[in-house]
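Here are some exercises to work through with the viewer open. Try each task yourself before you read the solution.

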Amino acid sequence: MNKKITILYVDDEDINLFLFERSLSSTYKVLTAKSGEEGLRILGESSDEIVMVITDMRMPGMDGLLFIRKAKEKFHNISYYVLTAFNFNEEINTAIEDKLINNFFTKPFDIETIKAEIGRVASKLNLIG
Amino acid sequence: MSYILFGFDVEQADSTTRQAIRVAQKINDQSGEGWATAYRGVYLLFSGSLQSAQENFTRALERGRDLDENNLQAYSLNQLGNVFRDKGVFDSAIYFYRQAEAVISKKPDPYYQSVVKMNKGRYYLILSKPDSALLEINEARKLREDLNEPDLTVDVWLALGNCFRQKYEFKEAEQYYKRVLKNSSRESTIHAQYLLNMGEVSFSRGDFPGALNYWRQALAYHRKLNYKYELAFILLRMGEAFEEQGYYDLAIEYLTNSLKISEKARYGLISADVYYELAWVFYRNKNLELATQSIHKARELYKNMKQDLGLAGCLNVEGLVQLKKGNYDSALFYHQQSLKDRERIGDMAAVSSSLYNLGELYNARKEYKKALLFLGRGVKLDETIGDDYGKSLYYYQIGKSYNLLGMMDSAIFYLDKSVRIAIPTSATDVLRNSYFEIATYLQKVGKPNEAINYYKKFIQLTDTLFNKQTSESLASYRTLYEVEKKEREIELLNKDNLLIKTQVQKQRILFYVAGTGLLILIGMAIFYYRFAKRLKKLNFQILEKSQEVQTQSEELTGANEVLSDLNQELEKSNKNLKDALDDVRKTQEKLIQSEKMASLGVLSAGVAHELNNPLNFIKGGVNALGIQIQDLNEDKQREVKVYIDIINEGVNRASVILKGLSHYSRQTDRQNEPCDIHKILDNCLLILSNTLKHRIVIEKDYSRSVIVMTGNEGRLHQAFLNILSNAEQAIPGMGTIHIKTNVMNDIVSISIADTGSGLSKENLLKISDPFFTTKPPGEGTGLGLSITYKIIETHGGKISVSSEPGKGTDFLILFPLS
């Protein structure tokens, strides 16, 4: 519907990447990365079109929050989110308070909640309407 | 005649010496009169009338000079030396002894020479100068061996034994004492002296009950003979023995009895020693004011007598008192001064005690290495002396120093050594302290359970010490008191007998002396006059004795009061210790519980994370399927949709449970999280759903509006879960839990009422106590509700409970909304 909106999703599990892409690709352009490092590379190539980054927390090598911290240094106009299997913890709470992330989603993820959040981000950027 | 009339029994000597003088005067035997006067002086010396004794000896000395009788002069001079020795005027004493020596050397008589030598030797022994004494006594020995009179050599052996005892050569001393025992009869003065000195040996070795046993026998003998100096001395030593064992009440009793005698007779050194000992007793009894007063009295007396060792001892006690008062610098000054003086005098036991005190002082000043230096020197001394009690005390203090230094291996090595010696020597107080120190050690090396064992031993020993002190000391005190009373009665009976004997004797003497009937008549008149006078005196004495008994029983009551005070104090400190132990136990359990809670948190967070991932697969997969079936025809779509809905329902339910679990286990201290009360209650019910199912009906009566307050969501979960699970457990079979929430005037009220077994009034009061539980052991820690109370309090809330046994319990919790 609105292929102008591009989202980057980072997760170390293929199944998660596959399911996320399948759930949202009918509406948005979804880029995926298997690690923080790969995420940074993709951002470097397509930062112009990416409006939102969603990442898993627990990943081998660079973890989700470190990835966001590094990404934000270069690409601070993008909105960053966490999608995690943790329900809520101190780390997430601090990340929100420090304004490192805008918000967080929990697994199993609810498609409608994520869509609503993407809509909010997009409307701020005047990408819709 | 004089020799025959003079007896060992002081009471008898009183009348016999008097008569001897009178008879000698009547028959105009000047030499006899002189000797009788000297013997009467001896009687007066023994019975504690030093002034009269001095007068008699002076008279005898003059008579000796008039008659140019060397032996009488020497004997009198020698006895004058003894008078001044007992007075504590040592310069005069040695002057007279030297005079006696000079006189006897003009016309040497081996017996009187030996008597002077012996007395000089004894004088040096009193001044704790065993080497000088040994010289004199060895000379006396030679003289007496030539005399070939075995009775006289026994006296020498005893004195030799005393010399070696003072030199800490106990084996040598005991050999001499054994010879004394073999060659003396049980009822003799020399045997009493033997008992006294064996007691000294036991005392030096730290065997205080053994010493007391010897001294009790010696005391009984001297009580019978009424030798005042010996009585005062033995009472002083017994007081010291009681003090060493911690029987302070008894120590004070004996010391004051000794003081009564020595102050009346003006025995300078004994009085000073008594004050010095009293200072120790008061110091140990923590009465620093009285200790200081006593030490000042002792110091004054020692100073007059030029007794440096005594003065050094005073400095030592003064140092201890200052340490107790926390004046470390002045304590150090006193101890250093005392050590210097004692080293100069060369009394090893005294030096060792100074070294110990310096060690203790440096420990108190946290200069442990310096402390170890002094303690190391001191323990070596005690090892050479063979003082087991002292060694065990030293090892304890050394162990303590290492403990404080953090050198754990050395600490336990020495503490172990201390315990090993303390047990066979029954040095209970040292053992107790060592146990405490070992417990400290074990705690430091991280063995709290073993430490608790030693704390228990410490408490146990305190208990036994306390029991020993009360029951044993009271019992022994009473026995002693009874024995002494009996002895006094016997004494009075003896006086009755003596009276009859004297009567017969007097009749005989008068018979011989008076030739005519007139004289007999006059004599009879005098006799009756004297008899009446004596009777009056005797009556008076009996009255005096009964008054003495009266005051003694009053003193006993006083001592009992002191004991019961001590008793209470000990009980109190015991209770404090037990409370401290209980606290340790409780804290330990609390730690275990919070450890459990924390690991539960980590575990459930981990499990939730691991389960959420596969749930994500299922949910994502179903989602994708939902999109895929859009291509199917409508019928098929509807059919598949049912299955998709079922799978989604399952995923949602699982996910809610995991969320609830993680809320419950969350460990943060934040108090600023939004807390939805209804959600929290529902989460708790969800967690409990398995135990509630089919048994307990939950009646929710929630307020219409959502209640959100700020606080710590995890902790509130914990609090409500505790209350709900208590309610669930209170219901034995079927029942209901009614939950009502409401907001009114910005106050949130939550009521949780169950139809369970309820609580009795007493239990209701204890409900917020930590570790209170009605559950059987192992099923509940009793911590749940106390934690709940704490959580609600930190949220500014209040909790009240009403309960009726058999009907149920109703918890009402109130929170301020903001």
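First, a term you'll need: buried means under 20% relative accessible area, exposed over 50%, and partly exposed in between (1.4 Å probe, protein chains only). This is a predicted model, where local features need pLDDT of at least 70 and side-chain atom pairs count only at pLDDT 80 or more, while totals for chains, interfaces and linings use all residues. Residues are numbered from 1 along each chain as its sequence is written, chains are lettered from A and ligands numbered from 1 in the order in which they are written, and side-chain values use heavy atoms, with hydrogens and water left out.

**Exercise 1. Find the salt-bridge partner of A:Arg120 and say how the two sit in the chain.**

Step 1: Recall the rule: a salt bridge is a side-chain nitrogen of Lys or Arg within 4 Å of a carboxyl oxygen of Asp or Glu.
Step 2: The partner is A:Glu117, with the closest N and O atoms 2.8 Å apart.
Step 3: Both belong to helix H5 of chain A, and because they are three residues apart there, about one helical turn separates them. (Helices are DSSP runs of H or I with at least four residues, strands are runs of E with at least two, and both are numbered from the N terminus.)
Step 4: Now check the cover. A:Glu117 is buried, at 10% relative accessible area, whereas A:Arg120 has 48% and is partly exposed.

**Exercise 2. Which residue pairs with A:Lys29 in a salt bridge, and what does the pair tie together?**

Step 1: Look for A:Glu49; the closest N and O atoms are 3.0 Å apart.
Step 2: A:Lys29 is in strand S2 (residues 29–33) of chain A, and A:Glu49 is in the loop between helix H2 (36–46) and strand S3 (50–55), so the bridge ties together parts 20 residues apart in sequence.
Step 3: A:Lys29 is partly exposed at 33%, and A:Glu49 is partly exposed at 30%.

**Exercise 3. Work out which side chains of strand S3 (residues 708–711) of chain B are buried.**

Step 1: Start from the general idea: in a regular strand the side chains alternate between the two faces of the sheet.
Step 2: Find the neighbouring strand. S1 (residues 673–676) of chain B runs antiparallel to S3(B), joined by four bridges; two strands pair if DSSP finds at least two bridges between them.
Step 3: Pick out one bridge: B:Glu673 partners B:Gly711.

**Exercise 4. Is B:Thr741 buried or exposed, and what does its side chain reach?**

Step 1: Locate B:Thr741 in strand S4 (residues 735–744) of chain B.
Step 2: B:Thr741 counts as buried because its relative accessibility is 3%.
Step 3: A polar atom of its side chain lies 2.9 Å from the backbone nitrogen of B:Ser703.
Step 4: Leaving out residues up to four places away in sequence, B:Thr741 touches several others, including B:His678, B:Leu681 and B:Ile750. Contact means heavy atoms within 4.5 Å.

**Exercise 5. Where is the cis peptide bond at A:Pro108?**

Step 1: Most peptide bonds are trans.
Step 2: This cis bond joins A:Lys107 and A:Pro108, with omega about -5°.
Step 3: A:Pro108 sits in the loop between strand S5 (103–106) and helix H5 (111–124) of chain A.

Notes: Polar contact = N/O pair within 3.5 Å; in protein donor to acceptor, adjacent residues only side chain to side chain.
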